[in-house]
Amino acid sequence: MHRSDKKGSVLPAGIRALVVDDSAATRRILRAHLESLRVEVSEAADGGEAYEKLEKGIGSTDLILSDISMPVLDGFELCDRLRSSPWYDGTPIVMVSTQSDAASVIRAFKLGADDYIPKPFEKDLLAQVIGRVLTHD
Amino acid sequence: MTEIAQAGRGMVDRMQVRIEHLDKLLSLAGEVIITSANLQDLERRAQDSVARREPFPSDGLDMIKTSNESSRRISQDLHDLVMAIRLVRIGDTFRLFRRPVRDLCRALGRDVELVFEGEETMVDKALAERLVDPLLHLLRNAVDHGIEAPLERTRAGKSARGRLVLTARDGEHTTEISVSDDGRGIDAAAVRRAAEESGGGETETALDILCRPGFSLAGEVTSTSGRGVGLDLVRALVDEFDGELTLESEPGRGALFRMEIPKLRAVNIIDALTLRAGRRLYALPIERVVASLGVPPGEIRSAFSRDRFFTYQGDVVPVRDLEELLGAAPVEMEGGEIPLVVVQGKRRRLALVISEFLGPQKLVHMPLDDFIRRAAGVAGTAIFTGGRLGLTLDIDELIGSVLGSDGSSLSRTGSPAAEAEERASSAGERSAEGREESAADRTPSGDVSASLSLDEADAAELAEEVSQNLAALQDAFLNMESDPESADHLNEAFRRLHAVKGNFTMLEAERAAETAHHLETVLDFLRARRLERTPERMDLLLDGVGYLVRAREALPGPAPERPEDLVRRLTEETAEESASRSVENAGDLIGRTFALSPTLELQTLSAMKRGERILETFFVFRPGRQADFLVAYLLLRRLGLRGKVLATIPSVDEIERGNCGSAVKVLWSTAMEEAETAAWIGRLAGRYNLTEHGSVPATVFGGVEE
């Protein structure tokens, strides 16, 4: 039997994350948290914009943090589309949402999400989740 | 922004100008000065003649003729010169594609030689900039779906290395840009067959079909699937420049997409709808005008606040006075019908009250520089017929200034301060953007505060979003009533309400967030048709929204007391079962054994035959912000990466329904050695806040021997 109480480890610098949320305020708060974790941040205001950005910038995103309920293309659809794209079938997707009921969470996982952060989010959890989704161990 | 788009833009924002062009510009400036001096002289002589009541001298007339001619020539030369200065080498654009194509080839296992032809061709900088994305799509399609993998090519008797050619050619009237590959080509018949399933017109060519937005996503023909991705963008660009897109293809031999773009004729000529509002003349880009119509005053309604609306094609459109929007006195009604022009923003429409329509006209639009202070919505000036000066409008900016940046209407309460509030909020929006940029410059702070702390600006912005979303929510309810058949308004209401809930949660206004949650549940039931839309229910929803509006007004303070029966009425609607979860504690869990089933037995046996170890592992984790079932699910997925999960307690089914405490027990098989397994699980501990974990070789099937 083992005991452990160690927190998430320090992230390597220069991870490039795309933050997808239709609330500018949420994007800004996420950006501030992420930048303090030395993560480079770009933003999209909905799934459609995110998909377009990703389509155009293949190879320039290491991680996607996405809201679920958004106009144009919601987080589920974004996940679904990215997982059927040859360029993004392996890019970690973390859902960041107030929708924390089991049905929504599991649906996101089945569509290919890697982890799930409930809103309002805590910086520690953010760091921990990013650390683990980027580890293939 | 992607790197390549940035590079494309950088190239265009600044450009090199050849010295000879500058020299020519200087000499033209000299000619302008001389011509203008001549004109001054002529004006003086003309005044003299008038004063002395003498006929204008004939040499003066000759001079007018000469000045007129040279001014016409100078204008033409200036225009040609500017157009020449705007030209850039297409090769600089082509070069941007080397890396993405190389990266893509590597990712897809293709061997492709990218060849540029006609790199010296000069094109207008606007075109060069706009070509980047469409060309990237064409190149990507060619690599992904056109050019075969090396082995497949060799089998087909082709060279292993594919050839992808990007060509520019300078014609007399057009610039031709093409992308060709020697891949598998496009089977027009197959494309058409695929299109028939999705119902296509018979007159459409294969190219038309490929250019349908999203065609390829539905397409199932292997040799063509994906071929249409982004082609709608290519077609849109070509259309915008009045050009032509053609496709030549021979199955098995390759495909060629050719864009023929007419050379630009003039700068900044716009097709405009001209109109008068008050004493001023305005021009709107005609493609943004949805309708211009006269509306009886009775059709313009007020709702929720003093904001005016009218229904156009089933859509509730906010009505605003154009002059008033730009800071002048409102247009004076001249009796009878109110002339309205409905304009289309990115997402929403807006109806502008004006004085009269003047009709469509081609205008030379002169943008105002950014350093000139201008009202939001004014793009520049233009000379109208008759030589009068008018203003050209930027529709997106105008709508943004009224409805907020995402096109949602602001809620106002009709107080005299409403106007000031509107101005302040649109100014706030601009400064908010400024802040967003400065956030990037902020040095990362070393502080690792555990919880989210909102500064005042964040809170104000969240509150502002609540206002916008509440107003849009009210719009959506209004639309639901006038258009009960459509599901769009209900979905829109749901989305807005959800955003409101999120922001209230972040603002820690719990009562408001909880009320929003109940409302959301009712809407969800309506959406799923588990509840019917009745007037009583709509009233209840509006009551709920009314409470949220009051809660918004109370910010930054806590939400006010709720009307006593509001929550009860809302929850009664859906009879929300207060989920009685069977949360197990770790002790109970460890004692439970896996239920035996033939399938499980079989799976265990075959894992053993593969030489894998069968383990019973349990995890206990610290409950946190992530729900227990979520952490349990994530742990199971992790195990799945290193082995095969055979059974779990609670069952996967229960976990997926959210019935799980902060512990889970797993029966799984793995090819990892014992020490490796222990070390790996040890690493999981920190990542998933495990407080306890342990593994023992499985003993569940006593009868099974190796």
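Colleague: Which residue is the bridge partner of L247(B) in β7(B)?

Modeller: The bridge partner of L247(B) in β7(B) is F257(B). This is a predicted model, in which local features need pLDDT of at least 70, side-chain atom pairs count only at pLDDT 80 or more, and totals for chains, interfaces and linings use all residues. Residues are numbered from 1 along each chain as its sequence is written, while chains are lettered from A and ligands numbered from 1 in the order in which they are written.

Colleague: How many bridges join strand β6 of chain B to β7(B)?

Modeller: Strands of a sheet pair through backbone hydrogen bonds, either parallel or antiparallel. Two strands pair if DSSP finds at least two bridges between them; strands (E, at least two residues) and helices (H or I, at least four) are DSSP runs, numbered from the N terminus. Here, seven bridges join β6(B), residues 244-250, to β7(B), and the two run antiparallel. Their hairpin has three residues between the strands, and G252(B) takes a positive phi near 90° there. Strand β7(B), residues 254-262, is also joined antiparallel to β5(B), residues 174-181, by eight bridges. In that pairing, S180(B) has L256(B) as its bridge partner.

Colleague: In what order do the five strands of the open sheet in chain A stand?

Modeller: The order is β2-β1-β3-β4-β5, with parallel pairing. The edge strands, β2 (39-44) and β5 (115-118) of chain A, each pair on one side only. Four bridges join β4(A), residues 93-97, to β5(A), and S97(A) stands opposite P118(A).

Colleague: At what angle do helices α6 and α11 of chain B pack?

Modeller: Axes are lines fitted to C-alpha atoms, for helices over the stretch in contact, and angles run from 0 to 180 degrees between N-to-C directions. Helix α6(B), residues 125-146, and helix α11(B), residues 231-240, pack at about 145°, with their axes 9 Å apart.

Colleague: Why does the length of helix α17 of chain B agree with what it should span?

Modeller: The expected span of a helix is 1.5 Å times one less than its number of residues. The 18 residues of α17(B), 510-527, should therefore span 26 Å, and the end C-alpha atoms are 25 Å apart, which agrees. R529(B), which follows α17(B), has a positive phi near 60°.
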